[in-house]
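The sequence and the structure come first, and the description follows.

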There are 2 protein chains.
Amino acid sequence: MTEDERSAVREEVIESLARSAEVYGLSRSAGRVYGVLYFSSEPLSIPELVEETGYAKSTISNVTRKLTRIGMVRRRSSGGGGRRVRFEPETDFWFIVGDVLRQYAHREMQTTRRTLDRALDRLDDVDGEAARDDADRIRALDAQYDQLETLLELAVDHSTEELIEAIDQYEAD
Amino acid sequence: MTEDERSAVREEVIESLARSAEVYGLSRSAGRVYGVLYFSSEPLSIPELVEETGYAKSTISNVTRKLTRIGMVRRRSSGGGGRRVRFEPETDFWFIVGDVLRQYAHREMQTTRRTLDRALDRLDDVDGEAARDDADRIRALDAQYDQLETLLELAVDHSTEELIEAIDQYEAD
DNA sequence: CGACTTGTTCGGCTCGTTCCGAACGATCGG
DNA sequence: CCGATCGTTCGGAACGAGCCGAACAAGTCG
């Protein structure tokens with residue numbers, strides 16, 4: 001009876017991770033797969049994940065690839081036995097967040113800023129008050145992106161503990 | 001000719017905002033509506049946004065509601081003239097981010113932690129090494145969420161400038 | 001070499017989202 | 001009170017995302 005209770009509790013937590021995944025723009029399946037890996041005492045292969053989660057093999061293949069891309073699981077392309085690749089979870093959440101920020105937000109900001117800079121160049125050739133207004137607004141956008149970018153770079157280079165301490169010390173003045 | 005060029009440049013920037021919106025989980029229309037509001041010298045009503053964007057009136061209605069919910073535009077339920085509500089953009093991006101984090105991430109973390117705490121309570125009644133392992137992992141999850149939550153609370157209470165300065169000072173040791 | 005296991009890719013189904021047009025309220029000036 | 005204007009809501013079409021099963025490729029062990 002206690003064994004049932006234990007797996008019920010684990011199911012609850014895994015389901016909770018699935019819901020969290022949806023909030024942050026991932027699929028339910030991604031959350032569940034991560035949850036199963038998180039509770040597993042050893043890395044799991046795709047057939048094992050199929051067994052544990054009930055998803056189709058193709059789904060597991062796609063989901064594991066996505067999770068690997070964003071740094072939530074690692075591929076141990078391994079090794080000896082019959083199984084070829086095995087997955088283990090990245091358990092440092094802030095590290096995951098940092099990875100995602102670096103890959104997506106940072107890239108997006110860079111391309112947007114390139115667009116803004118090109119736009120400003122083109123506006124130099126245009127006369128009139130309205131054009132100057134537009135240029136001012138675009139410069140303001142650029143400044144915002146610039147600040148977010150530098151903050152982002154600083155933040156992802158530190159642990160949560162360091163960041164909390166930094167802000168605490170800053171507040172202490 | 002310069003007038004064409006000016007609107008072409010603005011179109012470019014607005015389109016860029018539309019693409020950015022997609023990256024961050026919003027619709028293209030939301031990005032474009034925000035862009036039009038951003039370049040407008042005065043708050044715009046729904047018919048005006050229809051005119052400027054080409055979207056259907058219903059689309060504008062839904063999009064403005066969504067943008068208002070997440071704090072990207074403000075409703076100036078308005079005064080005097082024939083028009084009733086008018087929208088103006090929130091131009092402080094970090095403020096927008098903070099708003100979203102407070103509304104979504106923070107709420108999500110709280111509900112998840114409630115689930116984790118309930119799970120730990122239930123596991124107290126279960127014996128065995130495996131149950132103890134599960135409890136350890138859940139406690140580790142809980143600790144991660146706790147740290148992210150406190151960091152989040154600290155971060156959204158400061159401006160980007162303050163945060164950058166705080167980290168810079170911290171690094172200066 | 002041939003049977004088996006593992007992982008990827010492909011086509012199809014389903015469901016949610018986005019956007020539209022039309023119908024429906026609600027508010028204001030005359 | 002009536003017409004006009006503004007905003008919301010409803011039903012539907014087009015599109016994309018998630019998931020599945022089946023076919024396919026690649027490597028392993030007998």
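In this predicted model, Arg122(A) forms a salt bridge with Glu5(B), in which the closest N and O atoms are 3.0 Å apart. The side chain of Arg122(A) also meets that of Glu12(B) in a salt bridge, at 3.7 Å from N to O. Because Arg122(A) lies in helix α5 (residues 93-124) of chain A and Glu12(B) in helix α1 of chain B, this second pair joins two chains. Arg122(A) is partly exposed, with a relative accessible area of 29%, and Glu12(B) is likewise partly exposed, with a value of 34%.

**The interface**

Across the interface of chain B and chain A there are six salt bridges by the rule applied here, and 24 residue pairs are in polar contact between the two chains, counted where both residues have pLDDT 80 or more. On the side of chain B that touches chain A, at least two residues each come from α1 (2-23), α2 (28-39), α5 (93-124), α6 (129-156) and α7 (160-171), and α6(B) gives the most, with 15 residues. By type, the residues of that side divide into 31 nonpolar, 14 polar and 15 charged.

In total, 60 residues of chain B are in contact with 60 residues of chain A. The area buried between the chains is about 5800 Å², and carbon and sulfur atoms give 64% of that area. Within chain B, the residues that lose the most area to chain A are Arg122(B), Arg137(B) and Tyr170(B), together 12% of what that side buries.

Two residues show the contacts between the chains in detail. Ser16(B), found in helix α1 of chain B, is buried, with a relative accessible area of 2%, and it touches Thr112(A) and Thr115(A) when residues up to four places away in sequence are not counted. Glu171(A), found in helix α7 (residues 160-171) of chain A, is partly exposed at 41% relative accessible area; leaving aside its neighbours within four places in sequence, Glu171(A) is in contact with Leu154(B) and His158(B).

**Relation of the two copies**

Chain B can be laid on chain A with an RMSD of 0.1 Å by a turn of 180° and a shift of 0.0 Å along the axis, and the two copies are therefore related as by a two-fold rotation axis. The same surface serves both copies, since 100% of the contact residues of chain B recur in chain A. Of the residues of chain B, Ala166(B) comes closest to the rotation axis, with its C-alpha at 2.9 Å.

Over all chains, the count comes to 30 salt bridges.

| Salt bridge | Closest N to O distance |
|---|---|
| Glu88(A) and Arg76(A) | 3.3 Å |

Glu88(A) lies in strand β2 (residues 85-89) and Arg76(A) in strand β1 (residues 73-77) of chain A, so the pair ties together parts that are twelve residues apart in sequence. Glu88(A) counts as buried at 19% relative accessibility, whereas Arg76(A) is partly exposed at 41%.

Arg139(A) and Asp136(A), by contrast, both lie in helix α6 (residues 129-156) of chain A, three residues apart, about one turn of the helix. Arg139(A) is partly exposed, with a relative accessible area of 43%, and Asp136(A) is partly exposed as well, at 44%. Elsewhere, salt bridges that share partners join Glu11(A), Glu15(A), Glu22(A), Arg28(A) and Arg32(A) into one network.

Definitions and conventions:
Residues are numbered from 1 along each chain as its sequence is written. Chains are lettered from A and ligands numbered from 1 in the order in which they are written. This is a predicted model: local features need pLDDT of at least 70, side-chain atom pairs count only at pLDDT 80 or more; totals for chains, interfaces and linings use all residues. Side-chain values use heavy atoms; hydrogens and water are left out. Contact means heavy atoms within 4.5 Å. Buried area is the accessible area (1.4 Å probe) that two parts lose on being put together, summed over both. A salt bridge is a side-chain nitrogen of Lys or Arg within 4 Å of a carboxyl oxygen of Asp or Glu. A polar contact is a pair of N or O atoms within 3.5 Å; within protein, one must be able to donate a hydrogen and the other to accept it, and residues adjacent in sequence count only if both atoms are side-chain atoms. Helices (H or I, at least four residues) and strands (E, at least two) are DSSP runs, numbered from the N terminus. Ala, Val, Leu, Ile, Met, Phe, Trp, Tyr, Cys and Pro count as nonpolar, Asp, Glu, Lys and Arg as charged, and the others, Gly among them, as polar. Buried means under 20% relative accessible area, exposed over 50%, partly exposed in between (1.4 Å probe, protein chains only). Copies are superposed by least squares on the C-alpha atoms of residues with pLDDT of at least 70 in both.
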